[in-house]
Amino acid sequence: MPIYPQIGGIEDSVNDISDTIRTIFPIILGVIFLIGFLFNAGHFFGENADLKKGITRVLVFVLIAGAVVGIFTYLIGIVV
């Protein structure tokens, strides 16, 4: 019968932290999207409205945020 060493509760701590991050992360991501839209809203409204530039900036922002989410999800998947 093999004997496995036990590390004093580190696995439980990592699981607790990752559960907390998974709970908070969608809220933080929503706030980031809202801030990104508000910064780019000037391109959609007003005298100097440029719809193409506004859509391009929002798409770039979404792609960057999506990459960050993907990397974060991958790293959490590795750790846990």
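The following questions and answers explain how some terms apply to this predicted model. Residues are numbered from 1 along each chain as its sequence is written. In this predicted model, local features need pLDDT of at least 70 and side-chain atom pairs count only at pLDDT 80 or more, whereas totals for chains, interfaces and linings use all residues; side-chain values use heavy atoms, with hydrogens and water left out.

Q: Why is V31 called partly exposed?
A: V31 has a relative accessibility of 44%. Buried means under 20% relative accessible area and exposed over 50%, with partly exposed in between (1.4 Å probe, protein chains only). V31 therefore counts as partly exposed.

Q: What share of the protein chain is buried?
A: Buried residues make up 12% of the 80 residues.

Q: Where is V31 found?
A: V31 is found in helix α1, which covers residues 10–40. Helices are DSSP runs (H or I, at least four residues), numbered from the N terminus.

Q: What makes F25 and V69 a pair of interest in space?
A: F25, in helix α1, is 44 residues from V69 in sequence, and their C-alpha atoms are 9.1 Å apart.

Q: Which residues does F25 contact, leaving aside its neighbours within four places in sequence?
A: F25 is in contact with V69 and F72, where contact means heavy atoms within 4.5 Å.

How values were computed:
Helices (H or I, at least four residues) and strands (E, at least two) are DSSP runs, numbered from the N terminus.
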